[in-house]
Amino acid sequence: MLPIGQKQMLTLALLAGFMTVGTFVYFFVAPPAYLHRTRNGVAYFTPPVIDPVSSKPLNVDRLAAYYKGNVAAGVYAVEKTRAVKGGH
């Protein structure tokens with residue numbers, strides 16, 4: 001027979017495990033609507049598209065915002081590469 005402290009810890013560990021598994025099942029079976037698309041209607045994890053003129057990658061979500069009327073978003077649609085600053 002287990003001591004009372006070990007029984008309590010086992011109960012808490014099992015409860016936490018069931019809650020974790022239940023949460024994962026909930027998110028895979030019936031995910032909330034806000035996890036499907038951004039507010040501009042673009043699916044999450046959409047890869048950037050290539051601009052045919054400049055051959056630079058364009059952020060699809062910012063492109064959608066631009067065509068919806070947010071002109072400022074179009075300026076930032078082109079993915080900027082991070083420049084490594086050298087020097088001292």
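This is a short tour of a predicted model, going from the whole chain to single side chains.

**Whole chain.** Start with the protein chain coloured by secondary structure. Three helices and two strands make up its secondary structure, and they follow the order α-β-β-α-α along the sequence. Now colour by pLDDT. The chain has a mean of 81, with 80% of its residues at 70 or more. Confidence is highest in α1, at a mean of 95, and lowest in helix α3 (residues 71-75), at 62.

**Surface.** Of the 88 residues, 12% count as buried. Among contacts between residues at least 6 apart in sequence, 8% join residues at least 24 apart.

**Nonpolar patch.** Next select L2, L10, L14 and F18, which make a nonpolar surface patch of about 420 Å². Pick L14 from this group; its place is in helix α1 (residues 4-29). L14 is partly exposed, with a relative accessible area of 46%, so this residue passes the cut-off of over 30% for patch members.

**Aromatic pair.** Last, select Y26 and F27. A search of the whole structure finds one aromatic pair, and these two residues form it. How are the rings of Y26 and F27 arranged? The pair is edge-to-face, with 5.5 Å from centre to centre and 70° between the planes. That angle is called edge-to-face because it is over 60 degrees. Both residues are partly exposed: Y26 has a relative accessible area of 46%, and F27 has 34%.

Notes:
Residues numbered from 1 in each chain as written. Heavy atoms only, no water. Patch = residues over 30% accessible without salt bridge, like charges linked within 9 Å, V, L, I, M, F, W, Y side chains within 5 Å. Areas by Shrake-Rupley, 256 points an atom, 1.4 Å probe, with all protein chains shown as cover. Salt bridge = Lys/Arg side-chain N within 4 Å of Asp/Glu carboxyl O. Helix = DSSP H or I, 4+ residues; strand = E, 2+ residues; numbered from the N terminus. Buried < 20%, exposed > 50% of the residue type's maximum accessible area, 1.4 Å probe, protein only. Phe/Tyr/Trp six-rings, centres within 6.5 Å; stacked < 30°, edge-to-face > 60°. pLDDT = per-residue confidence, 0-100. Contact = heavy atoms within 4.5 Å.
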